[in-house]
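Have the sequence and the coordinates open side by side.

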Amino acid sequence: MPETHRRADGLPMSRYGNRPTMKDVAARAGVGLKTVSRVVNGEPGVTPETERRVQEAIDALGFRRNDSARVLRKGRTASIGLVLEDLADPFYGPLSRAVEEVARAHGALLINGSSAEDPDREQELALALCARRVDGLVVIPAGDDHRYLEPEIRAGVATVFVDRPPGKIDVDTVLSDSFGGARGGVAHLIAHGHRRIGFIGDRPRIHTAAERLRGYRTAMEDAGIPVADGWMSLGVTDPERVRRAAEAMLTGTDPVTAIFAGNNRVTVTVIRVLAEQTRPVALVGFDDIELGDLLRPGVTVVAQDAAALGRTAAERLFRQLDGSLITPERLELPTRLITRGSGELPPVD
């Protein structure tokens, strides 16, 4: 027999116990079930004294409203889904937290999951969230065809894409200015005398990687600097691949004097490679990194506001749910250059 203890009303209850119900609250408060329902749901028609007794019973029993029936009646769960690329990526921590804070302010729960940069997994996760009747989705896409969401959007699921645009559907989108940020970061290196500048980025099919490469190319073209074939490397951001790319750029007959790193993971590996070099090499990274200001020299970065991305996307989502947004928009948030020393090193041949 499982161990038992006494409920607040003196009746025995299993240690795994049954959750107190509105009937239990009504019996303890000496009122009808409808009165308890009115108090729980904030409806009028209950005297202050009766409301006090019901609330005391609720507190004593530890009653919590079961929203399942309300979901069935209203077809809403007061929850939203967030599909991320990688929950372990530090960039997505502030973004996720900002979405959660906006959701909480609207009385909604946040359910999130990671696509691991796999389009099939992204679709599976997004549709699984829709099957659980979330009210809306915030998606950082892994794929480039999102027509699978059209039936869900028609059914009323509010949808916002963030960090990267959707493919083949027209919905609200919130981005950072990856092109402008990269262009400005590379121009900063050029302004400090560099002409041989390498670019190491993520896979070119990813929108942000492609835009940052375009910014690099444009800055070099603006300065009239031809780009050698060995100065650009795009691919997966695992340390081995990035290390090989950086080492190749730093050796040979015409080594680079500066590197522009396309995201935070690339930047961290490049810092390790540069620490092994005998000559100083300038570095500007896209995305800030933890402790970047404590290194010597500090790491100059093009910073995007991940929290602002998440907050803006979530606010757009709830405006859709409130019915105040009809026409989808594409919003682009600015980046800012933070100079700390690594991007201001002069070229050394």
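**A walk through the model**

The largest pocket has a volume of about 380 Å³. A pocket here is found on a 1 Å grid over the protein atoms alone: an open set of points with protein on both sides within 12 Å along at least five of seven lines. A volume is the space filled by probe spheres set on the points, which are joined across faces, edges and corners. This is a predicted model, where local features need pLDDT of at least 70 and side-chain atom pairs count only at pLDDT 80 or more, while totals for chains, interfaces and linings use all residues. Residues are numbered from 1 along each chain as its sequence is written, and side-chain values use heavy atoms, with hydrogens and water left out.

The lining has 18 residues, and F91, D287, D288, I289 and Q304 lie nearest the centre. Lining residues have an atom within 4 Å of a point. By class, 10 are nonpolar, two polar and six charged. Ala, Val, Leu, Ile, Met, Phe, Trp, Tyr, Cys and Pro count as nonpolar, Asp, Glu, Lys and Arg as charged, and the others, Gly among them, as polar. Helix α11 (264-275), helix α12 and strand β14 (336-338) each supply at least two lining residues. The largest share, three residues, comes from α11. Helices (H or I, at least four residues) and strands (E, at least two) are DSSP runs, numbered from the N terminus.

The structure holds one cavity of 30 Å³ or more. A cavity is a set of grid points where a 1.4 Å probe fits but cannot get out. The largest cavity contains about 160 Å³ of space. Its lining counts 19 residues, with T208, R212, N263, R265 and D287 nearest the centre. D287 is also among the residues nearest the centre of the largest pocket.

Next, the loop between β6 and β7. R164 lies in this loop. Is R164 buried or exposed? R164 is buried, at a relative accessible area of 6%; buried means under 20%, exposed over 50%, and partly exposed in between, with a 1.4 Å probe and protein chains only. The side chain of R164 makes a polar contact of 3.3 Å with that of E85. A polar contact is a pair of N or O atoms within 3.5 Å; within protein, one must be able to donate a hydrogen and the other to accept it, and residues adjacent in sequence count only if both atoms are side-chain atoms. A polar side-chain atom of R164 also lies 2.8 Å from the backbone oxygen of P141. Leaving out residues up to four places away in sequence, R164 touches residues including Y92, E117, T173 and H207. Contact means heavy atoms within 4.5 Å.

D163 sits in the loop between β6 and β7 too. Its phi is near 75°, a positive value in a residue other than glycine. D163 is buried, with a relative accessible area of 5%.

L291 counts as exposed, at 52% relative accessibility. P297 is in the loop between β11 (282-286) and β12 (300-303). The peptide bond from R296 to P297 is cis, with omega near 0°.

Finish with two helices. Helix α12 has 16 residues (306-321), so at 1.5 Å a residue it should span 22 Å; its end C-alpha atoms are 23 Å apart, which agrees. The expected span is 1.5 Å times one less than the number of residues. At the start of α12, a side-chain oxygen of D305 comes to within 3.3 Å of the backbone nitrogen of A307. Buried residues of α12 include L309, A313, R316 and F318. The buried residues of α12 pack against elements including β3 (79-84), α5 (92-105) and β13 (330-333). G323 follows α12, with a positive phi near 80°.

In helix α1 (residues 22-29), the buried residues are D24, V25, A26 and A29. Their cover includes α2 (33-40) and α3 (48-61). At the start of α1, a side-chain oxygen of T21 reaches to within 3.3 Å of the backbone nitrogen of K23. Just after α1, G30 has a positive phi of about 70°.
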